[in-house]
There are 2 protein chains.
Amino acid sequence: MKKEKLAISSRSTGRITLSDVAEHAGVSPITVSRALKNPLQVSEKLKEKIAISVKVLGYIPNHAARSLASSESKVITVIFPSLSNAVFPDVLDGLHDTLVSAGYRILLANTHYSSEQEETLVKTMLEQNPDGIIVTGIDQTQNTRELLKLSNTPVVQIMELDQNPIDMNVGLSHFDASYDLTNYLYSLGYKKIGFIGARMDLRSRRRMEGYQKSVLDQNGNEYVLSSLKNTSFKQGSELFVELISKHSDIDAIAFSNDDLAAGALLEATRRGMRIPEDIAIAGFNDLHFSEELIPPLTTVSIPRYEMGKQAAECLLYKIANKKQPICNQINIGYSIVPRQST
Amino acid sequence: MKKEKLAISSRSTGRITLSDVAEHAGVSPITVSRALKNPLQVSEKLKEKIAISVKVLGYIPNHAARSLASSESKVITVIFPSLSNAVFPDVLDGLHDTLVSAGYRILLANTHYSSEQEETLVKTMLEQNPDGIIVTGIDQTQNTRELLKLSNTPVVQIMELDQNPIDMNVGLSHFDASYDLTNYLYSLGYKKIGFIGARMDLRSRRRMEGYQKSVLDQNGNEYVLSSLKNTSFKQGSELFVELISKHSDIDAIAFSNDDLAAGALLEATRRGMRIPEDIAIAGFNDLHFSEELIPPLTTVSIPRYEMGKQAAECLLYKIANKKQPICNQINIGYSIVPRQST
DNA sequence: CACTTAAATGATAGCGCTATCAAAAACATC
DNA sequence: GATGTTTTTGATAGCGCTATCATTTAAGTG
């Protein structure tokens, strides 16, 4: 009874198919399909029979066939610029938890902060006909934007706020956050505030611009030092040393992220400098370790997990209700976290 | 000319298909298929024509159809217990870089350290008919192991070494690493060595056992403190306080990871304890920040990126040469990194 | 230039599933 | 019990691609 099948098709993979289950249960294939996807449409009696056959045969649905027949892929593509940056795993967690419990799978890709790579990846990922796409930031190439729009797939840009989103957008203003932080430093009485950044991806850049705006507002002087190297504790300590040896009278430094700030904080400690008396230090992101440093680090907290969750929910909502999105744009906000390092 | 198509099929998604490209280029669909997948079989002339049509029409291949017809999915499933644990993003990077440049996509899932979730995820992921699967650790449920074996998909277990791998295996012995580290502490003259762990996933557990073996070898006393809470700087500092207040004469502590160790190190500093004179501290994993702490943290370094890369290569090799795998098991090793915290 | 061999193209069928419409069975109404 | 209404099941076709085999065309060979 199986032979004929094999005889007909020499390409058979040997895997149990839906038809095999149907035969075993004595029903038609389509009924099995319904029992699995729309159980309400099938009588209890048959559902039981089918469930048994599924178990006995160890049936595993074929996603490609399902996807081809229904043009639903149950796949969400997530494109991040980096994984080693601790910010993204947290966002990913939020995305993952929400999407997986809604029956979606996550196809992950890493651009290494390259827009060209992002374009290539978007192209590749579109082949999957994903039900939704998450991209990071707002600086996609024109080509990428068009690809995404043409694909007609729900898209959420995360991390930042786009004046003119591709589709949906969940993020915050890094400019504002950094502007507020710098203003806060001024409000504490610091006069000569520096800024240190590394990697200088676009969000770091906007943080720098926020700092610059604040300095301008206060008629202060800019002390900016930035490197294209990746961020790390070590990089933070090196840049810190470089900046204070150039400008020994700086009394506070805002860093483009907590890694750098922590490295600087430790370096300052190593040199016997008192924090914040000799030098105040502020970071960005509020990573897990920041409040445990000595002294605890003043920083900007952004709701990373929550951002992932909300982005996922926007996507799910739009997938369910093709028309109105629940969100065009969500400003997820940030908060200045004052601690003893300033 | 397009109308007839739409008339025939009301389900058409409107997306450009391979047949559309064929029609536009004036060749048969199968020739287009070949031009894209086996360019060597198609003449230059036609390839050019086809390339133009692809561009003009903006053709994007349909992965589901390709996968269904060829039973190749070009998808590799990666199942991790956690993303927030900094170890995994590094491994993932290694996997990603190798797999993406070989034309594969990564489907990522997170078990949150639950074997049951892992089983569910494996089941779901098998629906994708992935070309390969990466799972973390060696403690899959019996069911999971059988599912994986039956699926006939190449599998690599990573992180640890399995006596009896499901298929392939790239990892290291956490027991040995921790045993060596503890021996090393004894060799430095420490007499009362404690162990602090959190989360106590299976790798942490084996690290604890390595510690215990070493203590036993030295006829020493065990001072173990473990918590099921997640690891963090804060958790490390709390457990540290708890352990030293119970056993004030402990002179060294091995931690199940660097996060905990760093938290303890900072807590000790906060309390005016000298490291390593009053208390020596050692971690595990050699995370990015560990050498920047004050004092720098003695730890065990494991080649995370490399492990991901090798696992990916094993997979690719086995996919290419269905028969002999290049590796059944690779011991990726570890190294004790002595720094000033001990 | 007929004749073999190799290279390039095409026709056909089917991968495993679901959308769609049609038929049958179960239930309700008078 | 004949009629209409709903619920449950099935037959058919096709999603967009590639494996397979058949055919054509080009390239060698003596």
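**Exercise 1. Find how far apart the centres of domain 2 and domain 3 of chain A lie, and describe their contact.**

Step 1. Taken over C-alpha atoms, the centres of domain 2 of chain A and domain 3 of chain A are separated by 30 Å. The model is predicted: local features need pLDDT of at least 70, side-chain atom pairs count only at pLDDT 80 or more, and totals for chains, interfaces and linings use all residues. Residues are numbered from 1 along each chain as its sequence is written, with chains lettered from A and ligands numbered from 1 in the order in which they are written.

Step 2. Domain 2 of chain A covers 73-172 + 305-333, and domain 3 covers 174-301. Such bounds come from an automatic or database domain assignment.

Step 3. Examine the contact (C-beta atoms, placed from the backbone, within 7 Å). Nine residues of domain 2 of chain A touch seven residues of domain 3 of chain A.

**Exercise 2. Describe the contact of chain A with chain B.**

Step 1. Chain A gives 47 residues and chain B gives 46 residues.

Step 2. Name the contributors. Elements of chain A that each supply at least two residues include α6 (87-101) and β2 (105-110). Helices (H or I, at least four residues) and strands (E, at least two) are DSSP runs, numbered from the N terminus.

Step 3. Check the strands. β2(A) pairs with β2 (residues 105-110) of chain B in the antiparallel sense, over three bridges. Pairing needs at least two DSSP bridges between two strands. L107(A) has L107(B) as its bridge partner in β2(B).

Terms used: Contact = placed C-beta atoms within 7 Å.
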